[in-house]
Structure formats: structure tokens, C-alpha cells
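I opened my notebook today to look up how one protein chain is put together. Here is what I was looking at.

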Amino acid sequence: MYSRLARTSTQAGRQVFETTARGYDVLRDPLLNKGIAFTLDERASLGLLGLLPNAEVADIAPQLDRAYAIYSAQPSDLAKHLYMMSLHDTNVTLFFALIQRHLLEMLPIVYDPVVGQAIERFSQAFTRPRGVFLSIGKVDAIEDSLRAFGAGPDDIDLLVATDAEEILGIGDWGSNGVDIAIGKLAVYTAAAGIDPHRVIPVMLDGGTNRESLLNDPMYIGYRHARVRGAAYDAFIDAYVTAATKLFPKAMLHWEDFGSSTCRRVLDRHRDTVASFNDDMQGTGAITMSGLFNAVSVAGSTWPEQKIVIAGGGTAGCGIADQIRDQLIRDGLTPEEAARRIWIVDLPGLLTDDMADGLLDYQRPYTHPAEEVAHWQRSQPLLQSANMLRWPEMATLQEERTQAGIIDLAAVVEEVQPTILIGTSTTPGRFTEAIVKSMASQVERPIIFPLSNPTPLAEAAPDDILTWTQAKALVATGSPFDDVKINGTVFKIGQANNAALYPGLGLGAIVSRASKITDEMLLAAAHAVAGEADLVAPGAALLPSNAELRTTSSVVAVQVVQAAQRQGLARAEIDDVIEAVREAQWWPTYVPIVAG
């Protein structure tokens, strides 16, 4: 969203935009446009006289009322999303001010889950390009393409890049997936005040395997099957090299990469540049926030925990990684910690005799096949939301259909877990029988059905609380209403990554961290956990998303301090709290002066 037509400066102690643009060029730049809020002096100096209605100069308030009325009149959530994106193309300040005023209502519209619908129709609704589109068919042009954005080395703080292979619950959508990077950046700004003038959404177009796109004459992307192997890695390497050369202070965010590539890309670059994968690291960290509070409320300790995770994809294994690390911090060896975690996916419980069919990040959590040989087996589920986008698992499941698999019910019965986590995208996976089996062995079972959007949740909180006589400690991945049982109102905390990654990014930007470490993620997780008020009976295990700006500020402070402790902060900061406060952007109109 960097503007080539303006630069920021300070005059008389206040921030202003200086611009050489005049007339309609000012009104057409969404970062400069104020609509009827331009002052009379601005109208005169910027050549706007006669180009705006003659109504009295207004502040942003009536514009917000008018925009919200138009938004509310839209006939569907998708129409509301498209209206908001058109507002984003017209007036960035008004766009974020509207989200700020209606944060809980609009975040699901601007981002997850409605952005999924927009992505499916992106080629048909495409009007104005936003961000930078890089193609694996034009690797030599990557640096020139990023340079064409027009920003200098000190102008960009954050790039969110996606190859769109595994978006939310909808899978591979090729270049349509640029909307996921745009939406992610909108959350960064709304939740943490990342300056929208200093970010770039990036589409890393490596092709698509979706036949409907390859055969759609309106498809906007590279019309080619997904490229794999060395050519793909060279493509990503070229992007990282160019991005860090042109924007050396910027953090790189990876979003919605495929199961077979996300960990490899993260591991390849995380020790050399400030980079972060929200699907693995962010999901793991926000889940830990809820687990820290759940374990405390249950009155237990980490070494006592036994964890079953339904869903062995990027989210499930990202959560497993951070649980394992916590168990190690509490005294277990790495081997002991991994053995406390059982992962169940399409082929059932992951065991060491499956190794050839598993992804690298799943293998540490396999259990010896001989140890579970006597466990009950059943026929596998034939369909799953993961089936189409995870062919490795689908093939492995087919191989085991005849012999049967060790399913979730059998694992819960045998393991008697204290913690049950769902990232399976299989609705109803946590059945009454499974939940009651767990609750019969544990005084305060910790049950987190995290799949989203809401229809994909493994169980509803009211069912879990009813089946466990209100003893379960519950957090979800989607928003759910409060549950009232025997006079107690149970607030359902949402493990929404938006409570964590924006503050993490802000902290990395403020500190100019040279890399994003596990210690920073842990600091962020503890910071989010600390914002939940656990005093009242039935209290939510996680803070409300209505307080995202506050939560993000607290997270950012803790991340900056972690970067300083590790010697990774390149910025010299004396007062961390004040540095975080000063770095935050707010959606208010600033003066624009003719340059």
C-alpha cells in the first residue's frame, strides 16, 4: 500500500503527507483520499476546488456513518466483503476506521471465513490489482517486480506472501489467493496498528492443480500445474533474496503454503531472515495461550499431561511442536515429550510403520506399531476435508482400509488423555462417546475443537459442557455463543490467531528483530494468556477479540523484550512501552501539504 505520490514528514510537531499529486490524482490515491474531509486550504493547494461537492468540510464521523449504512445494506456477507475491498481501494483511512469501530462484526467479513468465498470468485470479480504478483515462470523478473512497487529500503516493514496452495478450508486457489495476503495485512493493521502504508501483499504464483482454474478463461494466474522440487525452492529463494535486498528491515510472513512445503520453506529461511509462518507457528502459539490457562485452572502441571490431537496437518503438528517444547522446558527429554503426544489423522493413529507415507514434521510424533498392535481397529472415514488437498494421507489411508485403523475413539480409550485438540476440519469428530470416555478418566478434561469456520468444528461447546457435566475446559477456533449450565455462564474463548500474530509482527518491527525465534513465540503466547481474566466461574480461557488493540500492544512489548534478551534487536530502544505506542498507526486523517 506504499504511495508513490506522497511521503511522510513532520511539520510543527505533527505528521503530514507531502505530495506532488494534484487534482484527481490525489482523489484516486486511496492513501491520500479523504473525500469531503479535505480542508479548504488542502482543496486549494492540491487542485481540488470544484472536484468535491460544496458541502461543508466534514470530519470522518459522517463518512463512517454513511459507509456503515452502505455496508449494512449489502445482501450477503460476500457482498459486504466486496464493498469493504472497494472502500479499501478508495480510502484506506476510512476503511480501517470503519473496521476499528465495528471490529468484532467486520473481522470475519474482511478476513476469515468470508475471504474464502471471495477467493473462489476472485478472477471473476477482479478489478484493481493490489500488491505484487510474482510468477515461477518469470523468476528473473522477481527483483524488478518488487522494485516496481516503488518503495525504498526504509519504506516497508512487512511483506505477507502466499503461494495459495492450502487456503483455509478450501485448498488450492492459485493467484486468486492473493486476497488472503491482502486480508492478513488488514488484520495486522486493525489489530495491532501496523502502518498500511508500509506493507506489501505478495502472490507467489507457482501454478495451480485446480482444473477449474486451469480451464477458466478468466483465471488471472499462471496457467500451469503446480511446480515442485528444485525449481520451486529456487523460486522461493529468489523472492527472499530480492525482498531482503530491497527491504532489509522488513519481516517476511508466510501464509497458506501447502502441507509438503510450509515447514521446508520456514526452516530454510527462519535463521537468516525475520520470517514467520502463521499456520504452524501462530496457530501453535495461540493454542498454547489457551492451554497455559487451562492447565492452570485444572490445577495440574505440564509433566502430567497426555495429549491427543485429531488432525496431523500444519496446524496440528505446529501445535504439537509447541506442546513438546513446553514439556521439555518442564523437565522431559525430547523423546519423552514427543511420546506424550498422539496424533490421529486419515490413516488413524500415526505409527512408525507409516514413516514412508508421512511428511517430515509428522514423523517425530509416531508411536511404535508394536506397542499399539492390540488396540482396537475400525474401518476409516472415507471422506475428510483434508482428503483432496493432502494426497499423501489419502493414499496411506487407502492402503490401510482392509486392515482397519486405530481411530480417535480407540486412542482416547487407550491413552486417557488430559488434553484433546481438534484440527481435523471434520465436523462432529468429537462424539459424545469420545468426550464421555475422556471425562470418565480426567477430573477437568481440556478439550479444544479448533477447526474453523464454525461448521467444521469437531464439537460444539454446549455439547462438550453438557456431556462432561460442565467440567470440561473448552476453547474453540471459531466464535461460539456463551453456554449457560446450572446458573453458570461459560464464556467460550476463541483461539484466534488474530490475537497473537499482529502483536508478534509489531514487536518484530519495533525491535527490528533479525529473526523470529521460539522464545519470541513463547513470550507472545504468555502475553495473550495473561490478558484473559480467569477469576469468574466459567471465564473464557482466552481474551476477547473486542480488545485486540490492547492485546496486540501487550504482545508487542513482550516480543521486543524477548528480542532484546536474545541480542536480536537491531533497534536501540530505551522505553519499550513508548516505542510500541509510537509505532502504532491509527486511522485518522492527517494534513496533506503540496510538495
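**Notebook: fold and core**

I began with contacts (heavy atoms within 4.5 Å): of those in the protein with a separation of 6 or more, 73% are between residues 24 or more positions apart.

A note to myself: this is a predicted model, where local features need pLDDT of at least 70, side-chain atom pairs count only at pLDDT 80 or more, and totals for chains, interfaces and linings use all residues. Residues are numbered from 1 along each chain as its sequence is written, and side-chain values use heavy atoms, with hydrogens and water left out.

Next I checked the overall shape. The C-alpha trace spans about 80 × 55 × 50 Å along its principal axes. I also looked up how much is buried (under 20% relative accessible area, 1.4 Å probe, protein chains only), and found 58% of the 595 residues.

Then I turned to the nonpolar cores, which are sets of buried Ala, Val, Leu, Ile, Met, Phe, Trp, Tyr and Cys residues joined through side-chain atoms within 4.5 Å. The largest one has 150 residues, and Met84, Leu146 and Ile421 are among those with the most contacts inside it. Helix α10 (residues 178–192) gives this core its largest share, eleven residues. Helices here are DSSP runs of H or I with at least four residues, numbered from the N terminus. A second, separate core has 29 residues, including Trp342 and Phe430.

Which residues does isoleucine 421 touch, leaving aside neighbours within four places in sequence? I found Thr287, Leu291, Ile323 and Phe448 among its contacts.

Terms used: Buried < 20%, exposed > 50% of the residue type's maximum accessible area, 1.4 Å probe, protein only. Helix = DSSP H or I, 4+ residues; strand = E, 2+ residues; numbered from the N terminus.
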